[in-house]
Amino acid sequence: MGAFLDFSNVSFAYHTKAGETPALNNVSFQVEEGEFVSVVGPSGCGKSTILSLIAGLLVPEEGSISFNGENTGIGYMLQKDHLFEWRSVYKNCILGLEIRKQKTEENLMRVENMLIQYGLMPFRNARPSELSGGLRQRAALIRTLALNPQLLLLDEPFSALDYQTRLAVGSDICEIIRNEHKTALLVTHDLSEAITLGSRILVLSKRPTRIIYDAGIQFPEGLSALQKRNTKEFQDYFQTVWEVLNNGKA
Amino acid sequence: MAKHKDTWSNQERYIRKQKKDRRMINFWRVAGVIFLLGIWELAGRMGWLDTFIFSGPVKIVQCFCRMLRSQDLLRHTWITLKETLISFLLMIGIGTAFAMLLWRFERLAKICEPYFVVLNSLPKSALAPLLLVWLGANMRTIIVSGISIGVFGVILNLHTGFLKVDPEQIKLIETLGGGRKDVLSKVVLPSTLPILISVMKVNIGLSLVGVVIGEFFAASEGLGYLIIYGSQVFKLDMVVMSIALLCILTILFYQAIQLLEKSILNRFTL
């Protein structure tokens, strides 16, 4: 049986009048079910392109992307929460169900349950502007999870938050994702975030992008993302990834 | 017991100053009109102005009462009001539909853009004689004149607004599995509602202009007709009174749109 996600020999370039910009050059990696993979790399290296390709928003020019498993739904979280102010929090959460015409009782129930579980029930009928940055991200995550995707693509979902909120929300959101037993790919430019949140890290090179480092991350059991930052392991991982990024090779 | 001045907090002082300013502005707005009307009336009575040509406030009010009694005035006003509302609704409807079409089909937008820009800057009153010949001296001509004056601006403004929607919001809909139709109905239209309302604010007045131009050429009733008729038979009271009524209509239209804006934007503010 193949991997949960098989990203195989994929190449992709952007085309404009000014010329061709190669984004990915023969990139391959696999993700197993239940993994939480952090993807880091220099800015503009094509991290987001990888997510767009997996989500089917872009089509690879060469290579293939395949999923093992029936109906591997894909959920996507963008940099900003993009909750629409003209909809209540609840209506925002069921946006995907509305679009896919899947407003079944079961799905709506799941949304209600997540609202309760993740502390948004008191704000069910509120406007998004009444929520704090952290609650907004939770609402955005519920909107993504409403469609019950097996694979979550997180495109720097915490980068719009201030540093303090970001630390709290980052671990909070990842906790929820683990809790819901989802496989996830997190794109970020924050090394600490990548190391403390992921169970594996992929480091990309400058354009045209290749994978220059791929390793599992392990911390002692039971540590929060914040606690992980104070461990020796964290410093070692950080040092290694930092050097890889700076040298452009492992 | 009123608080002594010294015990007012800075906040109270600020609020009082704001209220006083507002009262003063309102006072001078009204006083200015009364003053000008007074001078006008006085100038007529003292013989400084020829009231046959320049009319006067009292004569205008007399004319208003006379025409109101004969019920003519209500009919003329109603006709203009009706034509303006029909033109306005059609202008906004047609404009929005076209803007949506241009948004949906980018190539079509690129092909049409220069034509819309030219048509938008063309003085539409130049079209009125043509419309009269093509459509005849009837309400159709007047309504088309009312539509034509603003419709191209509506299309251009709304289309520009549609294009300014945050691409990330569009991407969100795509990541949730939505197509162009979903993007339009879930993001583009709701997020450009404030633009639509500001377009409506500008164009309710413009459709009145278009309707009056149309009435100049093609009507036998309506306030535009009264203005032309009055000037031809030298009933200047009637002309000025009709113009005053047009001013009042404009104010009413504007207030109506503002009410609409408040009720809608309260629910949809960004």
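How many bridges join β6(A) to strand β7 (residues 183-187) of chain A? I looked this up and found five, with the two strands running parallel. I count strands as paired if DSSP finds at least two bridges between them. The strands (E, at least two residues) and helices (H or I, at least four) are DSSP runs, numbered from the N terminus.

I note that this is a predicted model: local features need pLDDT of at least 70, side-chain atom pairs count only at pLDDT 80 or more, and totals for chains, interfaces and linings use all residues. Residues are numbered from 1 along each chain as its sequence is written, while chains are lettered from A and ligands numbered from 1 in the order in which they are written.

**Entry: around β6(A).** I found A:D155 opposite A:V187 in β7(A). From β6(A) the chain passes through helix α6 (residues 163-179) of chain A to β7(A), and this β-α-β crossover is right-handed (with the strands pointing away from the viewer, the path from the first strand over the helix to the second runs clockwise). I then checked β5(A), which pairs with β6(A) in the parallel sense over four bridges. There, A:L151 in β6(A) is the bridge partner of A:I74.

I also checked burial in β6(A): five of its five residues are buried (20 or more other C-beta atoms within 10 Å of a residue's own, with C-beta atoms placed from the backbone). A:L151, A:L153 and A:D155 point one way, and A:L152 and A:L154 the other way.

**Entry: the whole sheet.** I read the strand order of this open sheet of six as β5-β6-β7-β3-β8-β9 (chain A), with mixed pairing. β5 (74-77) and β9 (211-216) of chain A are at the edges with a single partner strand each, so one side of each has no neighbour in the sheet. Strand β8 (residues 200-204) of chain A pairs with β9(A) in the antiparallel sense over five bridges. In that pair I found A:I201 opposite A:A215.

**Entry: chain B against chain A.** I found 16 residues from chain B and 13 residues from chain A in the contact (C-beta atoms, placed from the backbone, within 7 Å). On the chain B side, α9 (167-175) and α10 (180-191) are the elements that give two or more residues. The largest share, seven residues, comes from α9(B).

In α10(B), I found B:V183, B:K186, B:V187, B:V188 and B:S191 buried. The buried residues of α10(B) pack against α3 (95-99) of chain A, together with α4 (72-104), α8 (151-163) and α9 of chain B.

Methods
Two residues are in contact if their C-beta atoms, placed from the backbone, lie within 7 Å. A residue is buried if 20 or more other C-beta atoms lie within 10 Å of its own, exposed if 12 or fewer, and partly exposed in between; C-beta atoms are placed from the backbone.
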